[in-house]
Amino acid sequence: MSIDTSSSPQIQWLGNQALTLELPPPATLEGQRRIWRLAEWLRALDEVREAVPGMNNLMLELQPGAKTAGWPARLRKLWQQAEQAAPGGRVVEIPVRYGGAAGPDLQAVAQHCGLTPKQVITRHTAAEYTVFFLGFQPGFAYLGGLDPMLATPRHATPRQQVPAGSVAIGGSQTGIYPAASPGGWQIIGHSDLVLFDPERQPPSALQPGDTVRFVAAEAA
């Protein structure tokens with residue numbers, strides 16, 4: 001497979017034992033797959049303590065006492081050699097109750113997008129989403145693949161409490177809150193799926209590379 005090296009990452013130190021690799025925007029599935037592959041390679045190295053993929057970036061932490069000289073150039077060379085991780089992962093269907101008390105912002109999203117609430121639901125369930133990475137809180141999956149017509153700005157003032165299971169849109173992304181927390185995304189529905197359980201292996205119901213499909217269980 002030919003390697004596209006046109007997207008040159010920015011690499012910089014975070015303290016004495018950690019580096020970040022940051023790709024120029026926008027985030028793409030192809031870029032994420034290369035990040036996943038690079039993380040696999042790095043985790044196999046004795047000098048590496050942890051390699052954590054993020055959205056369009058990767059954080060590398062070296063083992064205590066590991067030699068740091070030359071690591072930025074080494075990381076850049078590994079990136080240039082990295083191929084995309086093969087498409088894979090599971091297909092996870094998530095039932096969602098849209099609108100009403102379950103989705104208090106559905107009407108506002110529809111108005112912003114120039115659509116009816118039913119059209120928002122249709123577009124939201126028609127897409128296939130890819131889990132780019134987990135972050136924000138345990139089990140929170142950042143999903144790529146939202147229909148551009150549904151992109152809606154976050155609330156200017158975040159809610160102090162967003163219920164666990166809330167399905168929401170924030171900018172050009174959609175996701176599900178695994179636990180109750182403050183949040184500014186537009187809530188359009190609710191799912192009963194338990195996204196994070198520390199007693200489960202793996203604890204997160206969704207993993208990077210998984211494909212997610214939302215299914216309208218009920219529309220209020």
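Arg-90 is partly exposed, with a relative accessible area of 42%. The model discussed here is predicted.

User: How many residues apart in sequence are Arg-159 and Asp-105?

Analyst: Arg-159 and Asp-105 form a salt bridge, with the closest N and O atoms 2.8 Å apart. Arg-159 lies in strand E8 (residues 159-162) and Asp-105 in the loop between E5 and H3, so the pair ties together parts of the sequence separated by 54 residues.

User: Arg-97 forms a salt bridge with Asp-192; what is the relative accessibility of Asp-192?

Analyst: In this pair the closest N and O atoms are 3.1 Å apart. Arg-97 is in strand E5 and Asp-192 in the loop between E12 and E13, 95 residues apart. Arg-97 is partly exposed at 27%, whereas Asp-192 counts as exposed, with a relative accessibility of 58%.

User: Why do the buried residues of H3 line one face of the helix?

Analyst: Helix H3 spans residues 106-113, and its buried residues are Leu-106, Val-109, Ala-110 and Cys-113. Seen down the axis of H3, these residues line one face because they fall within an arc of 100°.

User: Which elements do the buried residues of H3 pack against?

Analyst: The residues in question are Leu-106, Val-109, Ala-110 and Cys-113. Their packing partners are strand E5 (91-98), helix H4 (117-126), strand E9 (166-170) and strand E12 (186-190).

User: Which residues of domain 1 lose the most area to domain 2?

Analyst: The domain assignment gives domain 1 (10-82) and domain 2 (91-216). The area buried between them is about 570 Å², with carbon and sulfur atoms giving 79%. In domain 1, 74% of what that side buries comes from Leu-29, Trp-36 and Met-55.

User: How many salt bridges are counted between domain 1 and domain 2?

Analyst: Between the domains, 8 residues of domain 1 are in contact with 8 residues of domain 2. There are 2 residue pairs in polar contact between the two domains. The structure holds 8 salt bridges, but the count between domain 1 and domain 2 is 0.

Terms used:
Residues are numbered from 1 along each chain as its sequence is written. This is a predicted model: local features need pLDDT of at least 70, side-chain atom pairs count only at pLDDT 80 or more; totals for chains, interfaces and linings use all residues. Side-chain values use heavy atoms; hydrogens and water are left out. Buried means under 20% relative accessible area, exposed over 50%, partly exposed in between (1.4 Å probe, protein chains only). Helices (H or I, at least four residues) and strands (E, at least two) are DSSP runs, numbered from the N terminus. The arc is that of the directions from the helix axis to the C-beta atoms. Contact means heavy atoms within 4.5 Å. Domain bounds come from an automatic or database domain assignment. Buried area is the accessible area (1.4 Å probe) that two parts lose on being put together, summed over both. A salt bridge is a side-chain nitrogen of Lys or Arg within 4 Å of a carboxyl oxygen of Asp or Glu. A polar contact is a pair of N or O atoms within 3.5 Å; within protein, one must be able to donate a hydrogen and the other to accept it, and residues adjacent in sequence count only if both atoms are side-chain atoms.
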